[in-house]
Structure formats: C-alpha cells, structure tokens
Amino acid sequence: MFTLNPQSGIPIYRQLAEQIRRMVAGGQLKEGDELPSVRELAFEHAVNPMTISKAYSLLEVEGLLMRQRGKPMQIAPQDKQKNSEQERLHHLHPQLEQLVLAARQLEIPDKVLLASLRELLADK
C-alpha cells in the first residue's frame, strides 16, 4: 500500500504522511477507510512503531485521520472541494520543483525534460 525508502533522505514519517495525503486527495483512500495498524505497518517496513505513530498523529492533528478507541485509524470526512485537480496538483509541487532544479543543474533543456516526462507517463 505504501512505499517507504529509508535511503531517500526524507524522514520515514514524512514519506508516509505525504503518501496518505496524496492518496486521500486522489481518491484512493476515502472517508471511513481503515489504515493498517501501527504495529503491522512498522513490521512490514522494518521501522520503529513510533515512526508510524508519529505520521498518524500528525495527520490526525491535521484532521485527515480520526482515531476511535479499539478500532484502526480511519480516514476522516473530507471537504470535497479540497480534492479539485488544482489541489491535487499542489501535492506534486515540491517534487516538480526538485525535478526542475535537477534538470537545470544537469543543463537538460526543457524540451528534452518534457519529452522524457511524456515518455515516462506513456509507460505507466
């Protein structure tokens, strides 16, 4: 369900939180959907349970998740307007900025970068 990369330089809890935010914004996770337990996810990805708990708690404070005693963490009711295409695109903005920066540093022309991106999109 989630892809966590310990070598990415991005803290695991942030990777998990960002993936959950994007999956909610994209409609893959909907109101009432249950997330894997902290222990289950920690075991699956070989990380400390406190790392998973930190991500879940952060998203709970944001109002994205809700906790019910004795039940798994669930996706909280969402404002439907927040899932507009523009809002979903906003979730990609940091990655797009990184991509553009890397392309500039490598002196890759915009035309070549866009062609490469189109090729990647066509493959998926």
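Modeller: Look at R21. It counts as buried, because its relative accessibility is 17% and the cut-off for buried is under 20%. Keep in mind that this is a predicted model. R21 sits in helix α1. Setting aside neighbours within four places in sequence, R21 is in contact with L58, L59, E62, L64 and H91. The helices that supply some of these partners come next.

Start with α3. Residues 49-62 form that helix. The axes of α1 and α3 come within 8 Å and cross at roughly 45 degrees. The two helices are therefore oblique to each other. As for handedness, α1 passes α3 in a right-handed crossing. On the α1 side, the contact is made by I12, Y13, L16, A17, I20 and R21. On the α3 side, the residues are T51, I52, K54, A55, Y56, L58, L59 and E62. By class, this contact has ten nonpolar residues, one polar and three charged. R21 is one of the charged residues there, since Arg counts as charged.

Now turn to α4. Helix α1 covers residues 12-25 and α4 covers residues 85-105. Their axes lie 9 Å apart, and the packing angle is about 150 degrees. That makes α1 roughly antiparallel to α4, because the angle exceeds the 145-degree cut-off. This crossing is left-handed. R21, R22 and A25 of α1 meet R88, H91 and Q95 of α4. The residues of this contact divide into one nonpolar, two polar and three charged. R21 takes part in the α1 contact with α4, and R21 also takes part in the α1 contact with α3.

What about α2? It spans residues 38-45, and its buried residues are L41, A42 and H45. Seen down the axis of α2, these buried residues fall within an arc of 100 degrees, so they line one face of the helix. An α-helix has 3.6 residues a turn, so residues three or four places apart point the same way. The face of α2 turned away from the buried side carries R39 and F43, which are exposed. Among the elements that cover the buried residues of α2 are α1 and α3.

The axes of α2 and α3 cross at roughly 125 degrees and come within 8 Å. These two helices are therefore oblique to each other. Their crossing is right-handed. V38, L41 and A42 are the α2 residues in this contact. P49, I52, S53 and Y56 are the α3 residues. The classes are six nonpolar, one polar and no charged residues. Two of the buried α2 residues, L41 and A42, belong to this contact. On the α3 side, I52 and Y56 meet α2, and I52 and Y56 also meet α1.

Next, the backbone. Most residues other than glycine have a negative phi, and most peptide bonds are trans. A46 has a positive phi of about 55 degrees although it is not a glycine. E107 lies in the loop between α4 and α5, where α5 is residues 110-123. With 71% relative accessibility, E107 counts as exposed.

Last, the setting for all of this. The chain has five helices and two strands. Along the sequence they follow the pattern α-α-α-β-β-α-α. Of the 124 residues in the chain, 26% are buried, and R21 is one of the buried residues. Among contacts between residues at least 6 apart in sequence, 50% join residues at least 24 apart.

Key. Residues are numbered from 1 along each chain as its sequence is written. This is a predicted model: local features need pLDDT of at least 70, side-chain atom pairs count only at pLDDT 80 or more; totals for chains, interfaces and linings use all residues. Side-chain values use heavy atoms; hydrogens and water are left out. Axes are lines fitted to C-alpha atoms, for helices over the stretch in contact, and angles run from 0 to 180 degrees between N-to-C directions. Helices (H or I, at least four residues) and strands (E, at least two) are DSSP runs, numbered from the N terminus. Angles under 35 degrees count as roughly parallel, over 145 as roughly antiparallel, 65 to 115 as roughly perpendicular and the rest as oblique. A crossing is left-handed if the near helix is turned anticlockwise from the far one by less than a right angle, and right-handed if clockwise. Contact means heavy atoms within 4.5 Å. Buried means under 20% relative accessible area, exposed over 50%, partly exposed in between (1.4 Å probe, protein chains only). The arc is that of the directions from the helix axis to the C-beta atoms.
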